[in-house]
Amino acid sequence: MIPISTHPPFAKRLANLGYTDIPEIDGVEISCIDRLLSRDAAADLAARFDREWQKKAQEWVSIGR
């Protein structure tokens, strides 16, 4: 049987890095897409994703008609 994961548990990985407790993580102030892409590029990507998703969903729904 192949194991699902070969990684140690999260707590063990943190301990290997010197953490004894899970560190506090601040909330997200700005998304990566807002930081890395222009507003137009982000909008274009979202629109493209929507078109592709709608096309795939329509193909999936149309199967068996």
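**View 1. Leu-36 in its helix.** Leu-36 is exposed, with a relative accessible area of 68%, where exposed means over 50%, buried under 20% and partly exposed in between, using a 1.4 Å probe and protein chains only. Leu-36 is placed in helix α2, which covers residues 32-36; helices (H or I, at least four residues) and strands (E, at least two) are DSSP runs, numbered from the N terminus. This is a predicted model, in which local features need pLDDT of at least 70 and side-chain atom pairs count only at pLDDT 80 or more, while totals for chains, interfaces and linings use all residues. Residues are numbered from 1 along each chain as its sequence is written, and side-chain values use heavy atoms, with hydrogens and water left out.

**View 2. A nonpolar patch on the surface.** Leu-36 also belongs to a nonpolar surface patch with Ile-33, Leu-37 and Leu-45, and together these residues have about 360 Å² of accessible area. Patches are made of residues with over 30% relative accessible area and no salt bridge, with like charges joined within 9 Å and nonpolar side chains (Val, Leu, Ile, Met, Phe, Trp, Tyr) within 5 Å. Accessible areas come from the Shrake-Rupley method with a 1.4 Å probe, and for residues only the protein chains shown count as cover.

**View 3. The salt bridge of Glu-52 and Arg-48.** The structure holds one salt bridge, a term for a side-chain nitrogen of Lys or Arg within 4 Å of a carboxyl oxygen of Asp or Glu. The side chains of Arg-48 and Glu-52 form this contact, at 3.3 Å from N to O. Glu-52 and Arg-48 are separated by about one helical turn, because they are four residues apart in helix α3 (residues 39-62). Glu-52 is partly exposed at 44% relative accessible area, and Arg-48 is likewise partly exposed, at 45%.

View 4. The protein chain has three helices and zero strands. The mean pLDDT, which is the predictor's confidence in each residue from 0 to 100, is lowest in helix α1 (residues 10-16), at 88, and highest in α3, at 92. Over the protein chain the average is 86, and 91% of the residues score at least 70.

View 5. Buried residues make up 3% of the 65 residues in the protein chain. The accessible surface of the protein chain comes to about 6,800 Å², and carbon and sulfur atoms account for 59% of this area.
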